[in-house]
Amino acid sequence: MEKKRETLPTSRQVVMSGIRPTGFLHLGNYFGAIRNYVKMQDDFDCYFMVADLHSLTTHPDTKELKQNVHRVIAENIACGLDVDKAAFYCQSHVPETAELYLYLNMMAYKGELEKTTTFKDKVRLQPQNVNAGLLTYPVLQAADIILHRAKYVPVGKDQEQHLEMARTFANRFNHRYGDVLPEPIAFNYNQPLLKVPSLDGTGKMSKSENQNATLYLADEDEVIRKKVMKTKTDAGPVKQNSTKPDYIENIFELMHLVSREDVFKKFEEDYNSCTIRYGDMKKQLAEDMVTFIAPIRAKVNTILNDGNYLKEVMEKGAAKANASANATMKLVREAIGLKYY
Ligand code: ATP
Ligand code: MG
């Protein structure tokens with residue numbers, strides 16, 4: 001599949017991204033996605049979404065769905081998402097998503113869907129529920145993006161392959177029916193897409209997997225300290241300037257996200273001169289994590305207590321998203337030829 005090079009936009013372009021309401025948001029969601037939502041909302045036409053339909057592919061039990069939707073909304077806003085600047089809405093409040101998903105399903109082939117990494121992972125994780133929605137997850141995601149004719153999609157590294165597929169589907173549509181759809185690209189201000197590693201180094205931080213090795217924006221101070229202090233280290237390097245083992249590299253990566261540059265550099269120098277004390281490093285990291293997470297956690301709780309505000313946010317977001325979706329669908333239906341009088 002073709003890899004498109006990312007260039008910084010020159011005029012106001014459309015941006016779209018989403019997060020599933022499958023649990024508590026974590027550092028990976030913040031640094032991989034939300035941090036860029038907040039940066040981009042001033043300069044782009046932004047559509048950010050709570051991807052409730054996507055969550056049904058892996059979380060068919062909906063007992064906690066409402067609570068999780070409210071939480072994702074509150075956590076995004078607490079992180080700085082401004083609902084007056086961006087359209088912030090629930091996926092199921094924009095029914096045109098399902099219609100576009102149907103058309104795009106005709107642009108996607110069974111073989112390529114079966115080869116998708118996330119699909120193969122989910123088949124391993126939930127062999128009892130390999131539903132067609134899971135197989136066509138990248139098609140629904142492409143529909144979410146294309147529905148607003150978005151060009152830039154701020155996401156983490158784990159979504160790179162899905163974005164390549166979205167481009168392929170848009171491209172096939174354009175070849176078949178005329179040049180109607182922009183081809184979206186994953187966006188991180190020309191930097192490589194980010195993957196925030198889990199604390200045990202076995203994968204990425206995640207809402208629904210690796211939960212004990214994930215730092216959540218809702219974690220209490222003591223929980224954060226415990227999780228950080230438990231991370232694996234060793235006796236330290238014996239040779240100057242040696243390569244870091246993965247589990248040590250992860251600790252440095254996390255420190256780079258939340259600690260001051262001079263603090264990070266000091267520990268890097270200690271490592272390179274074989275004088276590093278991992279206990280001290282982890283204590284510092286734990287305190288910097290607490291400083292980062294605690295104010296977000298406090299804001300979330302205030303927002304969650306205001307049901308009327310949450311309703312207003314969802315209504316306002318749905319109105320903006322529906323207007324954009326309707327305009328795209330008119331073009332799409334006409335391009336396909338679904339116009340008989
Ligand atoms: P789930 O485990 O339910 O799939 P998740 O943590 O993977 O949850 P998603 O809702 O699938 O979160 O993804 C929301 C956004 O967060 C996406 O842009 C995704 O790329 C990003 N993201 C998720 N985890 C990480 C991570 N560890 N590092 C960087 N970005 C991440
Ligand atoms: Mg995910």
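Select N36 and its surroundings: leaving aside neighbours within four places in sequence, N36 is in contact (heavy atoms within 4.5 Å) with P154, F187, N188 and Y189. The model is predicted, so local features need pLDDT of at least 70 and side-chain atom pairs count only at pLDDT 80 or more, while totals for chains, interfaces and linings use all residues. Residues are numbered from 1 along each chain as its sequence is written, chains are lettered from A and ligands numbered from 1 in the order in which they are written, and side-chain values use heavy atoms, with hydrogens and water left out.

Stay on N36. This residue sits in helix α1; helices (H or I, at least four residues) and strands (E, at least two) are DSSP runs, numbered from the N terminus. N36 counts as buried because its relative accessibility is 1%, and buried means under 20% relative accessible area, with exposed over 50% and partly exposed in between (1.4 Å probe, protein chains only).

Next, select ligand 1. There are 21 residues around the ligand (a heavy atom within 4 Å), and T22, H26, K204, K207 and S208 come nearest.

- S208: a polar side-chain atom is 2.6 Å from an oxygen atom of ligand 1.
- N29: a polar side-chain atom is 3.1 Å from an oxygen atom of ligand 1.
- G28: a polar backbone atom is 3.2 Å from a nitrogen atom of ligand 1.

On a 1 Å grid over the protein atoms alone, a pocket is an open set of points with protein on both sides within 12 Å along at least five of seven lines, a cavity is a set where a 1.4 Å probe fits but cannot get out, and lining residues have an atom within 4 Å of a point. Grid points are joined across faces, edges and corners, and a volume is the space filled by probe spheres set on the points.

The largest pocket has a volume of about 1,200 Å³. Of its 50 lining residues, select T118, K122, D158, Q159 and K204, the closest to its centre. Helix α6 gives the largest share of the lining, seven residues.

Finally, which residues line the largest cavity? Select L199, D200, G201, T231, K232, Y247, N250, I251, L254 and L285. The space in this cavity is about 60 Å³.

How values were computed
Polar contact = N/O pair within 3.5 Å; in protein donor to acceptor, adjacent residues only side chain to side chain.
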